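Please walk me through this structure, starting with the whole chain and ending with single residues. I have not seen it before.

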Amino acid sequence: QVQLVESGGGLVQSGGSLRVSCAASGRFFSSSLMCWFRQAPGKEREFVAAISWSGGNTYYADSVKGRFTISRDNAKNTVYLQMNNLKPEDAAVYYCNAGGSPGRPGNFWGQGTQVTVSS
């Protein structure tokens with residue numbers, strides 16, 4: 001079992017930056033691929049980024065490549081998503097996910113953190 005708690009969302013102006021975090025508890029975090037997904041109102045949840053258990057491999061949706069960076073600190077059981085040059089279309093609830101593969105969610109979800117981007 002993995003429990004996930006996101007934090008760090010908020011309101012930011014277009015072009016600004018924000019970092020969201022996901023704190024995990026449970027014995028399998030350090031061996032789990034971790035992902036970020038997001039869901040905007042009226043849209044399906046979509047893949048944003050993923051990072052392998054070691055941090056050595058990262059994967060990004062084309063829409064965020066070059067602007068977002070996923071990282072993890074296994075000593076702190078935390079995964080991060082640094083978001084730069086934010087656009088209004090990045091506004092969504094961002095969810096942390098564990099146990100899946102790049103682009104495909106696993107069974108464990110956090111509650112989500114809201115990111116709002118003003119134009």
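What follows goes from the overall build of the chain to its disulfide and then to some of its loops.

The model is predicted. Along the principal axes, the C-alpha atoms fill a box of roughly 40 × 25 × 25 Å.

How much of the chain is buried? Of the 119 residues, 44% are buried. The accessible surface comes to about 6100 Å², and carbon and sulfur atoms account for 46% of that surface. Charged side chains number 11 positive and 7 negative, with the centres of the two sets 5 Å apart. As for contacts between residues at least 6 apart in sequence, 54% of them join residues at least 24 apart.

One link between separate parts of the chain is covalent. In general, a disulfide is a covalent bond between the sulfur atoms of two cysteines. The structure holds 1 disulfide, which joins cysteine 22 to cysteine 96 with an S to S distance of 2.2 Å. The pair links distant parts of the chain, 74 residues apart: cysteine 22 belongs to strand S3, and cysteine 96 belongs to strand S9, residues 92-98. The angle about the S-S bond is -85°, and the link of cysteine 22 and cysteine 96 is left-handed. Are these two cysteines buried or exposed? Both cysteine 22 and cysteine 96 are buried.

Cysteine 35, in contrast, is in no disulfide. The nearest cysteine sulfur is that of cysteine 96, at 8.6 Å.

The next stop is the loop between strand S3 (18-25) and strand S4 (34-39), where serine 30 is found. Serine 30 has a relative accessible area of 35%, so it is partly exposed. Which residues does serine 30 contact beyond its neighbours within four places in sequence? They are Trp53, Arg72 and Asn74. Asparagine 74 is 44 residues away from serine 30 along the chain, yet their C-alpha atoms are separated by 5.5 Å. Lysine 76 is 46 residues from serine 30 in sequence, with 9.7 Å between the C-alpha atoms.

Lysine 76 lies in the loop between S7 and S8 and is exposed, at a relative accessible area of 57%. Asparagine 77 lies in that loop too, between strand S7 (68-73) and strand S8 (78-83). With a relative accessibility of 23%, asparagine 77 counts as partly exposed. Its backbone stands out for a positive phi of about 55°, although asparagine 77 is not a glycine. Most residues other than glycine have a negative phi. Asparagine 85, in the loop between S8 and S9, has a positive phi as well, of about 50°, and is not a glycine. Asparagine 85 counts as partly exposed, at 42% relative accessibility.

Serine 52 sits in the loop between strand S5 (46-51) and strand S6 (58-60). Is serine 52 buried or exposed? Its relative accessibility is 9%, so serine 52 counts as buried. Not counting residues up to four places away in sequence, serine 52 touches Leu33, Asn57 and Arg72. Arg72 was also listed among the contacts of serine 30.

Serine 71 lies in strand S7. At a relative accessible area of 31%, serine 71 is partly exposed. With residues up to four places away in sequence left out, serine 71 touches Ile51, Thr78, Val79 and Tyr80. Glycine 55 is 16 residues from serine 71 in sequence, and the C-alpha atoms of the two are 6.7 Å apart in space.

Technical notes. Residues are numbered from 1 along each chain as its sequence is written. This is a predicted model: local features need pLDDT of at least 70, side-chain atom pairs count only at pLDDT 80 or more; totals for chains, interfaces and linings use all residues. Side-chain values use heavy atoms; hydrogens and water are left out. Buried means under 20% relative accessible area, exposed over 50%, partly exposed in between (1.4 Å probe, protein chains only). Contact means heavy atoms within 4.5 Å. Accessible areas come from the Shrake-Rupley method with a 1.4 Å probe; for residues, only the protein chains shown count as cover. Lys and Arg count as positive and Asp and Glu as negative; His and the chain ends are not counted. The place of a charge is taken as NZ of Lys, CZ of Arg, CG of Asp or CD of Glu. Helices (H or I, at least four residues) and strands (E, at least two) are DSSP runs, numbered from the N terminus. A disulfide is a pair of cysteine sulfur atoms within 2.5 Å.
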